[in-house]
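Let us walk through this structure together, starting with whole chains and ending with single residues. Have the model open beside you as you read.

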Amino acid sequence: MEHTYVGPGLMIDGEVSGRGDIQVLGLVKGAVNLQNGLFIELGGVVEAEVAANEVEIKGYVKGQINAHDRVEMKPGGKMIGDIRAPRIIIADGATIKGKIDMDVGA
Amino acid sequence: MAKENTGVIAEGIVVKGEIGGTVDLIIEGKVEGSILMDQNVLVGQSGRISADVNVKTLAVEGNLQGTVSAAEVIALRRGSRTSGELKAPRIVIDKEAYFVGDVEMDVQLPDNL
């Protein structure tokens, strides 16, 4: 199935929800409520309350992330805000300022 | 299908709010709110739009309800269902496209009419 692609130069401000992966190279603001994965690529910016199964961060995030499965911060990924997920991976070179909570009883 | 300069809202995704930008956009999901793009927008067969739309060109293959203003052309394709107001220099309604609403193009009738 084709996934949702917020390319560079595309901006969504509001509430995004549903099933299917979303790949972000542009800007997403507001709230994201996904049954699948949110992939924030290099150059992608997410300023939102995020609920998803899985979140991968290579770009910038400002907001809260609540992941059902895992959150992975890749090298170069930057985040300000709190993360809640049973599995959280922070790679060398990723930066984050916020609370991390893995005690969510997956 | 996802090329560098194209955005895709896939089937199964719902966006409530504002979408804007400088790239082409393909919508197969559901959008409620507004779409303000200076490039081409395609509402695919599974696309469901309820929005104010302001774009360069718009092609509808799915369902759209709202006010549409296009700088160049609006095309309602076969099998599409659209209601609302359309405003553009060129508006195309294909055979077997369903439309209810207002259409506004620049019309210059000959003086002697």
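Helices (H or I, at least four residues) and strands (E, at least two) are taken here as DSSP runs, numbered from the N terminus. This is a predicted model, in which local features need pLDDT of at least 70 and side-chain atom pairs count only at pLDDT 80 or more, while totals for chains, interfaces and linings use all residues. Residues are numbered from 1 along each chain as its sequence is written, chains are lettered from A and ligands numbered from 1 in the order in which they are written, and side-chain values use heavy atoms, with hydrogens and water left out.

Begin with chain A. Along the principal axes, the C-alpha trace of chain A spans about 35 × 25 × 25 Å.

Next, look at what is covered and what is open. Buried means under 20% relative accessible area, exposed over 50%, and partly exposed in between (1.4 Å probe, protein chains only). By this scale, 46% of the 106 residues in chain A are buried. The accessible surface of chain A is about 5,000 Å², with 50% of it belonging to carbon and sulfur atoms; such areas come from the Shrake-Rupley method with a 1.4 Å probe, and for residues only the protein chains shown count as cover.

Among contacts in chain A between residues at least 6 apart in sequence, 0% join residues at least 24 apart.

Now zoom in on the loop between strand S4 (27-34) and strand S5 (37-40) of chain A, where A:Asn36 sits. A:Asn36 is partly exposed, at a relative accessible area of 28%. Leaving aside neighbours within four places in sequence, A:Asn36 touches A:Arg19, A:Gly20, A:Asp21, A:Ala52, A:Asn53 and A:Glu54. The C-alpha atoms of A:Asn36 and A:Arg19 are 5.9 Å apart in space, although the two residues are 17 apart in sequence. The side chain of A:Asn36 also reaches the backbone nitrogen of A:Gly20 at 2.8 Å.

A:Gln35 belongs to the loop between S4 and S5 of chain A as well. A:Gln35 counts as exposed, with 59% relative accessibility. Beyond neighbours within four places in sequence, A:Gln35 is in contact with A:Gly18, A:Arg19 and A:Asn53.

Further along chain A, strand S8 (residues 65-73) holds A:Glu72. Is A:Glu72 buried or exposed? A:Glu72 is buried, at a relative accessible area of 14%. The side chain of A:Glu72 makes a polar contact with the side chain of A:Lys74 (3.2 Å). A polar contact is a pair of N or O atoms within 3.5 Å; within protein, one must be able to donate a hydrogen and the other to accept it, and residues adjacent in sequence count only if both atoms are side-chain atoms. Not counting residues up to four places away in sequence, A:Glu72 touches A:Val55, A:Glu56, A:Ile57 and A:Ile89.

Turn now to chain B, which has zero helices and ten strands. Its radius of gyration is 14 Å, which agrees with the value near 13 Å that a compact globule of 113 residues would have. The C-alpha atoms of chain B fill a box of roughly 55 × 25 × 25 Å along the principal axes. Of its 113 residues, 42% count as buried. Chain B exposes about 6,100 Å², and carbon and sulfur atoms supply 45% of that area.

Finally, find B:Thr57 in strand S6 (residues 48-60) of chain B. B:Thr57 counts as buried, at 14% relative accessibility. The side chain of B:Thr57 makes a polar contact with the side chain of B:Asn40 (2.8 Å). Contacts of B:Thr57 beyond four places in sequence include B:Gln39, B:Val41, B:Glu72 and B:Val73.

Definitions and conventions
Contact = heavy atoms within 4.5 Å. Rg over C-alpha atoms; globule rule 2.2 N^0.38 Å.
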